[in-house]
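Below is a short briefing on strand pairing and aromatic contacts, for use beside the sequence and model.

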Amino acid sequence: MGKLGASAWVGLVEPQRLHRRCLKLGEALFRQGDPTVAVFHVDRGRVRLVRHLEDGSSVTLHVARAGESFAEAALWAEAYHCDGVAETPSEVTVIPKPDLLAALEDNPQAALALARGLAAHVRDLRSRLELRNIRSAPERVVAWLRLQVSGDPPMLRLDRPWTEIAAEIGLTHEAIYRALAVLERTRRLVREDGVVTLSAGSGTIEDAGRKDR
């Protein structure tokens, strides 16, 4: 989010107007349809944003981690468009909506940083939509990993269980473990001590999409 970063929203508001909220595992910070009252900053833990659809299914929109802000769209909405649920025991700073809106009006640089952050969220959502268009579960898992890994060879240390990742990319628990078994059997990835290493020929999200057409 540029020079200001996610933590800057906390600094824009008078300290006495802020308060902290501690969440237990699985506890909801807000529910879809609740009136919007605040934007939030994760001080510790993780908060999953989940939207419930009319057909009864749900979609993970984002997982906010320590140091990140979330629910910025609430500034211009009457109700939250998703649930915010603690994925681990968490602590968040609650930034009241009226106070933050007033501060942004007086700080053009902060408003621009917020716009950049929201644009990044849009890009992330587009990537998730691309993933969900990949029909093959193994290719979808590889495509997700390609967006997360770094280094040579490309590696990722997991910070949450595969069951939570499955919800992010639209797979059932059973489907993601079957996909991982296929990928390990064909030596496209290696899992060891919470670290996933991709082979050099695992392809990109674009490659995976073409294979499914």
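In which sense do β3 and strand β8 pair, and over how many bridges? The pairing of β3 (residues 38-44) with β8 (residues 90-96) is antiparallel and spans six bridges. This is a predicted model, in which local features need pLDDT of at least 70 and side-chain atom pairs count only at pLDDT 80 or more, while totals for chains, interfaces and linings use all residues. Residues are numbered from 1 along each chain as its sequence is written, and side-chain values use heavy atoms, with hydrogens and water left out.

- Strands (E, at least two residues) and helices (H or I, at least four) are DSSP runs, numbered from the N terminus.
- Two strands pair if DSSP finds at least two bridges between them.
- Pro 96 in β8 is the bridge partner of Ala 38.
- β3 also runs antiparallel to strand β6 (residues 69-70), joined by two bridges, and Phe 70 in β6 stands opposite Phe 40.
- Five of the seven residues of β3 are buried, so the strand is largely enclosed by the rest of the structure; buried means under 20% relative accessible area with a 1.4 Å probe, protein chains only.

**Aromatic contacts**

- The structure holds six aromatic pairs, meaning rings of Phe, Tyr and Trp (its six-membered ring) with centres within 6.5 Å; planes under 30 degrees apart count as stacked, over 60 as edge-to-face and the rest as tilted.
- One of the pairs is Trp 144 with Trp 162, edge-to-face at 6.3 Å centre to centre and 65° between the planes.
- Trp 144 lies in helix α4 (residues 137-148) and Trp 162 in helix α5 (residues 162-169), so this pair ties together parts 18 residues apart in sequence.
- Trp 144 and Trp 162 are both buried.
- Phe 30, Phe 40, Phe 70 and Tyr 80 make up one aromatic cluster.

How values were computed:
Buried < 20%, exposed > 50% of the residue type's maximum accessible area, 1.4 Å probe, protein only.
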